[in-house]
Amino acid sequence: MPFQPFTPASRLYLAGAIILIGGLIAAALVYFLAANPADTSAAGYSIVGGNTYALTLAESTRELQEVERLGGQPAVLVLEFHRWFLSLWHGRRLAYTLALLSAAVALLCFHIAGLMGEDIGD
């Protein structure tokens, strides 16, 4: 059977390749253009009234103790997860997130195309 460029499987392979290449290029751009954090000693940031304030480690510990007092250990775990998740969408960590997500979506496209049972080389 000759190669047919417009079969659904070949379109998925092409889409996966485009997603992978585009995602890696975007991740590289974000990585090299991301600004370094202004305050590396900050344990976190607090936004009050539209202004951003850097939190020191002591202030962050005090905040965690207050959250634990009000909501218990599960509330502290949720707060730490929330902070970690939000950190994935800023700076150089965003580059890693973009690279991982584009690779995952591309692999999913390749896998689904392979399940379709059509080889693009035949």
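Visitor: Is valine 30 buried or partly exposed?
Guide: In this predicted model, valine 30 is found in helix 1. A residue counts as buried under 20% relative accessible area and as exposed over 50%, with partly exposed in between. Because its relative accessibility is 22%, valine 30 counts as partly exposed.

Visitor: Which residues does valine 30 touch, not counting those up to four places away in sequence?
Guide: Valine 30 and leucine 94 are 64 residues apart in sequence, yet their C-alpha atoms are 7.2 Å apart in space. Leucine 94 is also one of the residues that valine 30 touches. Once residues up to four places away in sequence are not counted, the list for valine 30 is Gly91, Leu94, Ala95 and Leu98.

Visitor: How is leucine 20 classed, buried or partly exposed?
Guide: Leucine 20, like valine 30, is found in helix 1. The cut-off for buried is under 20% relative accessible area, and that for exposed is over 50%. With a relative accessible area of 27%, leucine 20 is therefore partly exposed.

Visitor: With which residues is leucine 20 in contact, leaving aside its neighbours within four places in sequence?
Guide: Leucine 20 and leucine 101 are 81 residues apart in sequence and 9.0 Å apart in space, C-alpha to C-alpha. When neighbours within four places in sequence are left aside, the contacts of leucine 20 are Ser102, Ala103 and Ala106.

Visitor: At what angle do helix 1 and helix 3 pack, and how are they oriented to each other?
Guide: Helix 1 covers residues 8-33 and helix 3 covers residues 91-115, and their axes are 8 Å apart. The angle at which they pack is about 170°. An angle over 145 degrees counts as roughly antiparallel, and helix 1 and helix 3 are therefore roughly antiparallel.

Visitor: What residues, by class, make up the contact of helix 1 with helix 3?
Guide: Sorted by class, the contact of helix 1 with helix 3 has one charged residue and five polar residues, and the nonpolar residues number 23.
The contact can also be approached from the buried residues of helix 3, which pack against helix 1. For the classes, the answer is 23 nonpolar, five polar and one charged.

Visitor: Which residues of helix 1 are buried?
Guide: Helix 1 has 26 residues and reaches 37 Å from its first C-alpha to its last, close to the 38 Å expected at 1.5 Å a residue. What covers its buried residues includes helix 3. Those buried residues of helix 1 are Ala9, Ser10, Gly16, Gly23 and Ala27.

Visitor: Which residues of helix 3 are buried?
Guide: Helix 3 has 25 residues and reaches 37 Å from its first C-alpha to its last, close to the 36 Å expected at 1.5 Å a residue. Its buried residues pack against helix 1. By name, the buried residues of helix 3 are Ala95, Thr97, Ser102, Ala106, Cys109 and Ala113.

Visitor: Is leucine 88 buried or exposed?
Guide: Leucine 88 is found in the loop between helix 2 (57-87) and helix 3. Leaving aside its neighbours within four places in sequence, leucine 88 is in contact with Arg93, Leu94 and Thr97. Because its relative accessible area is 16%, and buried means under 20%, leucine 88 is buried.

Visitor: What pattern does the chain follow when read along the sequence?
Guide: The chain has three helices and two strands. Of its 122 residues, 17% count as buried, and residues 24 or more positions apart account for 56% of the contacts with a separation of 6 or more. Read along the sequence, the pattern is α-β-β-α-α.

Definitions and conventions
Residues are numbered from 1 along each chain as its sequence is written. This is a predicted model: local features need pLDDT of at least 70, side-chain atom pairs count only at pLDDT 80 or more; totals for chains, interfaces and linings use all residues. Side-chain values use heavy atoms; hydrogens and water are left out. Axes are lines fitted to C-alpha atoms, for helices over the stretch in contact, and angles run from 0 to 180 degrees between N-to-C directions. Helices (H or I, at least four residues) and strands (E, at least two) are DSSP runs, numbered from the N terminus. Angles under 35 degrees count as roughly parallel, over 145 as roughly antiparallel, 65 to 115 as roughly perpendicular and the rest as oblique. Ala, Val, Leu, Ile, Met, Phe, Trp, Tyr, Cys and Pro count as nonpolar, Asp, Glu, Lys and Arg as charged, and the others, Gly among them, as polar. Buried means under 20% relative accessible area, exposed over 50%, partly exposed in between (1.4 Å probe, protein chains only). Contact means heavy atoms within 4.5 Å. The expected span of a helix is 1.5 Å times one less than its number of residues.
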